[in-house]
Amino acid sequence: MTLFEDLTWRGLIKDTAGEDIADQLNQGGLTFYIGADPSADSLHIGQLPTFLVAERLRRAGHTPIILVGGATGRVGDPRGTNEREKSNVEVVERNFLKIKTQMKKLFGEDTLVVNNYDWFQNYNFIDFLRDVGKYVNVSYMINKDLVKRQMESGISYAEFSYMLIQGYDFKYIHDHYGAKLQFGGSDQWGNLTTGIELIRKLNNEEVYAFSCPLTLDSTGKKIGKSEGNALWLDKEKTSSYELYQFLVNFEDAMMENYLKVYTFLSKEEIESVLEVHHRQPEKRIAQKTLACEVITFLHGEDEYHQAVKISEALFSGEISKLNGKQIEMAFQGLTPLEISEGIFLIDLLVEKAICKSKREAREFITNGSITINGQKVKDIDCQITKNVSIEQKYVVIRRGKKKYYIMKFK
């Protein structure tokens, strides 16, 4: 299967520009670029499939350039709904450095990561209008889908100009780094083709572009931070355990699509996984394969095995088998509560608002609804000491089936 055939089979190509783009992709040797938005200090799981396309191209012999939009990030692109808030300049710069580090980790230290603020910061506005704006027709810009949709609610000149800036990015990277291909999410198609138009008119050269469909969840919503369901690729923001839980809970109906876009497994390997999965769907073989592939690519095998161990320990209740680092990973979203050596369990439950009163605390304990590090406690006179803690430090209390509290000795 050629590269273009593979991308098409995986559903990773929506629109294309350039008659012989398939041949160009299959031959290898192109320099291409893909943009990253510095509105956050990490990419998220919804953006990953498009960046995995960059890795697929790199493995096929093409050379990637990652453009982090320090200039465009200060303007914001049209979303087709409403205006983005104005970005803080210092935050954008800080995010650029974080994403640059993330990109080099994913694609190799020799990967070129550029910031379009470098060539826009001293570009005179009048010169930009003369050099770029003169060659892009307003009717062409208005007819782009996102612009048309956003004009219904109102669009600022700043966001309307976004495609001119991104169009010039393609020309700049083409002229200075030899890029002949750009791709991105399908919501960027108008911006991608603007760059092609500029290069055609100003350089009299043909370049290429393609778009990738947006990654959607089972309800048809984008998997992205604007939808409130982002999981970050930075493991300090989203632990491998959280990512594992997210991936293994995907619905069966989405698994074929997600295995195609999130993994490097071949067609035969994916078909084999799905065949086994359909025979025993309760084992979630497809979801676990997806989690293994994604977490291993992002964070390495050790992080994946830790995520599995934490998941199994929490499911079985054997929390005492976890170490301190795994405890913190498992309960990353919970703030540890400080406790003193020798505090009575009943007093602790009330003091930390786990129970409303001592009477309720006694009821929970005698009913077997309280566990400490996975062990049921029925002794109402129980004291919490470092002897029952993990690494002389952590105490995990569970009330009922799912309510967890993390305690930490002072």
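This passage walks through some side-chain interactions in a predicted model.

Aromatic rings come up first. Across the whole structure, a search turns up 17 aromatic pairs. One of them joins F264 and F297, whose rings sit 5.6 Å apart, centre to centre, with 55 degrees between the planes, a tilted arrangement. F264 belongs to the loop between α14 and α15, while F297 is part of helix α16, so this pair ties together parts that are 33 residues apart in sequence. Another tilted pair is made by F331 and Y404, since their ring centres are 5.1 Å apart and their planes meet at 45 degrees. Here a loop between α18 and β7 supplies F331 and strand β13 supplies Y404, so the pair ties together parts that are 73 residues apart in sequence. F331 has 8% relative accessibility, and because buried means under 20%, it counts as buried. Y404 is buried as well, at 17%. Ring pairs can also join up into a cluster, as they do for W119, F120, Y123, F128, Y168 and Y172.

Salt bridges number 20 in the whole structure. Among them is the one between K267 and E271, at 2.7 Å from N to O. These two residues are 4 apart in helix α15, about one turn of the helix. K267 is partly exposed at 28% relative accessibility, and E271 is partly exposed at 42%. E328 and K408 form another salt bridge, with their closest N and O atoms 4.0 Å apart. E328 lies in helix α18 and K408 in strand β13, so this bridge ties together parts that are 80 residues apart in sequence. R130 and D131 also meet in a salt bridge, at 3.0 Å from N to O, and D131 is partly exposed at 27%.

Finally, there's Q166, found in helix α11. Q166 is buried, at 9% relative accessibility. Leaving aside neighbours within four places in sequence, Q166 is in contact with Y33, Q182, Q188, N191 and L192.

Methods:
Residues are numbered from 1 along each chain as its sequence is written. This is a predicted model: local features need pLDDT of at least 70, side-chain atom pairs count only at pLDDT 80 or more; totals for chains, interfaces and linings use all residues. Side-chain values use heavy atoms; hydrogens and water are left out. Buried means under 20% relative accessible area, exposed over 50%, partly exposed in between (1.4 Å probe, protein chains only). Contact means heavy atoms within 4.5 Å. Rings of Phe, Tyr and Trp (its six-membered ring) pair if their centres lie within 6.5 Å; planes under 30 degrees apart count as stacked, over 60 as edge-to-face and the rest as tilted. A salt bridge is a side-chain nitrogen of Lys or Arg within 4 Å of a carboxyl oxygen of Asp or Glu.
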